[in-house]
Amino acid sequence: MTRTIVASATREIAIGFDQPFCVIGERINPTGRKKLAAEMVQGNFDTVRKDALEQVAAGATMLDINAGVTAVDPNATEPGLMVQTLQIVQELVDIPLAIDSSVTAAIEAGLKVARGRPLINSVTGEEDKLEAILPLARKYDVPVVAISNDETGISMDPDVRFEVARKIVQRAMDHGIKPEDVVVDPLVMPIGALGDAGLQVFALLRRLREELKVNTTCGLSNISFGLPHRHGINAGFIPMVIGAGMTSAIMNPCRPQEMEAVRAANVLAGVDKDCGTWIRTYKDFRPGEHAAPAPAPLDGGARRRGGRAARLGAQA
């Protein structure tokens, strides 16, 4: 069974079909958040700290870290901010991180200071991206998110997106990266603009699981973009994509309705052993309240790393 291993300084998480769904907290991202972007530019990381702690408290399995505060000369600004942000978050929480950037220098700067085994977010099927990012994934022995678009853009044909994913997996193997270290993003389209967006992603997920045997992720809230009451759509989407084979998602764990859907799907998929997490989280639940997640035991997808080196197998 395919398992993608990510890790913090002391804890390993397995992303896999036989594991609880991996919730990658999306909040530490200044894109579309002017206040957060302005704070980070000024060296103020109060909101970053707050978001890190709140997402972990809400049940995030990992945190996505993005420091893209400006489109003006990001090669100059983003690497330093990425390093600062990672260092601050790592001092506060001990869960694996995803280094999220379109700037290669920022990804490499982050890899140099990240503890454990982070996830690179991301590489596309574009030739320049493949040749820039895959060598980094190999050098630092870390997994990578593969986004199913290339020089032609995002295809509305799910078969084309599947072939882009296949290409990235093959190219990763050419660089010595195993398929289990490639987490494919099949690209979720907004259902309000494309009526069969849900059907497309369900079909893609089944093919990615059965044919490429890779783990998967997505920007979960893309499905509801432009619609009212987006969290209702998101909550309905979660168990359906899990049932189709998705193993992780970049999402907001601070939305109780969506996290309830994740936990319920874990129970129904048989990956919440003896319904333990559900019972710990909701045993005192009362209608109209939002349950705070109870601490999960270190079994299943989470394991203490028992003194292993902070960096896993970094290669020169």
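The model is predicted, so local features need pLDDT of at least 70 and side-chain atom pairs count only at pLDDT 80 or more, while totals for chains, interfaces and linings use all residues. Residues are numbered from 1 along each chain as its sequence is written, and side-chain values use heavy atoms, with hydrogens and water left out.

**The chain as a whole**

- The chain has ten helices and eleven strands; these are DSSP runs numbered from the N terminus, with helices being H or I of at least four residues and strands being E of at least two.
- Along the principal axes, the C-alpha atoms fill a box of roughly 50 × 45 × 40 Å.
- Of the 316 residues, 51% count as buried (buried means under 20% relative accessible area, exposed over 50%, partly exposed in between, with a 1.4 Å probe and protein chains only).
- Among contacts between residues at least 6 apart in sequence, 70% join residues at least 24 apart (contact means heavy atoms within 4.5 Å).

**Two helices that pack together**

- Two packed helices are described by the angle between their axes and the distance between the axes.
- Helix α2 (residues 46-58) packs against helix α3 (residues 74-92) at an angle of about 45°, and their axes are 10 Å apart (axes are lines fitted to C-alpha atoms over the stretch in contact, and angles run from 0 to 180 degrees between N-to-C directions).
- The α2 and α3 helices are therefore oblique to each other (under 35 degrees is roughly parallel, over 145 roughly antiparallel, 65 to 115 roughly perpendicular and the rest oblique).
- Val48, Arg49, Ala52 and Leu53 in α2 meet Thr85, Ile88, Val89 and Leu92 in α3.
- By class, this contact of α2 with α3 has six nonpolar, one polar and one charged residues (Ala, Val, Leu, Ile, Met, Phe, Trp, Tyr, Cys and Pro count as nonpolar, Asp, Glu, Lys and Arg as charged, and the others, Gly among them, as polar).

- Most residues other than glycine have a negative phi.
- Leu187 is not a glycine, but its phi is positive, near 70°.
- Leu187 lies in the loop between β8 (182-185) and α7 (197-212), and at 12% relative accessibility Leu187 counts as buried.
- Asp274, also not a glycine, has a positive phi of about 55°.
- Asp274 sits in the loop between α9 (256-268) and α10 (276-282), and Asp274 is exposed, with a relative accessible area of 65%.
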